[in-house]
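Dear colleague,

My findings follow directly after it.

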Amino acid sequence: ADFDGVKTLKKGTVVKMDGDGNVTVASAADGNGIVFNTIKLDDYDEDTDPYVNVAVLVHGFVRADRLVGADRLKANDLIHVVNK
């Protein structure tokens, strides 16, 4: 939850995206993407909005200090984590 008590998926969160494009929060070191924009999950209703669209970075450069769960990002050649 953010500072207003709203459930959010924060930009910079390391996520795991499967072959069908389904995104879940990464666990251990299996993350292969980074959420690009903050999503307020309370704005969606599970009955009418079974899926939420999220922009995910799968290729590029990102600063380590801007990530939530950087240790969950799987080492790969597509996302390069750099220091400041």
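What is the volume of the largest pocket? The largest pocket has a volume of about 570 Å³. A pocket here is an open set of points on a 1 Å grid over the protein atoms alone, where a 1.4 Å probe fits, with protein on both sides within 12 Å along at least five of seven lines; lining residues have an atom within 4 Å of a point. Grid points are joined across faces, edges and corners, and the volume is the space filled by probe spheres set on the points.

Please note that this is a predicted model, in which local features need pLDDT of at least 70 and side-chain atom pairs count only at pLDDT 80 or more, while totals for chains, interfaces and linings use all residues. Residues are numbered from 1 along each chain as its sequence is written, and side-chain values use heavy atoms, with hydrogens and water left out.

The pocket is lined by 20 residues, and those nearest its centre are Val23, Leu41, Pro50, Tyr51 and Val52. Strand 3 supplies the largest share of this lining, 3 residues. Strands are DSSP runs of E with at least two residues, numbered from the N terminus.

Two strands pair if DSSP finds at least two bridges between them. Strand 2 (residues 14–17) is joined to strand 3 by 3 bridges and to strand 4 by 2 bridges. Val15 stands opposite Val25 in strand 3 and opposite Gly33 in strand 4, while Lys16 has Thr24 in strand 3 as its bridge partner. The hairpin of strand 2 and strand 3 has 5 residues between the strands, and Gly21 takes a positive phi near 90° there.

A separate pairing, in the parallel sense, links strand 7 and strand 8 over 4 bridges; here Phe61 has His80 in strand 8 as its bridge partner. Buried means under 20% relative accessible area, exposed over 50% and partly exposed in between (1.4 Å probe, protein chains only).

Val62 is also one of the 8 residues of the largest nonpolar core, together with Val14, Ala26, Ile34, Leu57, Leu67, Leu73 and Ile79. Such a core is a set of buried Ala, Val, Leu, Ile, Met, Phe, Trp, Tyr and Cys residues joined through side-chain atoms within 4.5 Å. Leaving aside neighbours within four places in sequence, Ile34 is in contact (heavy atoms within 4.5 Å) with residues including Thr13, Leu57, Val62 and Ile79.

Thr13 lies in the loop between strand 1 (8–9) and strand 2 and counts as buried at 8% relative accessibility. A polar atom of the Thr13 side chain lies 2.6 Å from the backbone oxygen of Lys10. Val68, in the loop between strand 7 (60–63) and strand 8 (79–82), is partly exposed at 41% and touches Lys11, Gly12, Thr13 and Val14, not counting residues up to four places away in sequence.

Finally, Ala28 has a positive phi of about 50° although it is not a glycine. Ala28 lies in the loop between strand 3 and strand 4 (33–35) and is exposed, with a relative accessible area of 62%.

Yours sincerely

Key:
A polar contact is a pair of N or O atoms within 3.5 Å; within protein, one must be able to donate a hydrogen and the other to accept it, and residues adjacent in sequence count only if both atoms are side-chain atoms.
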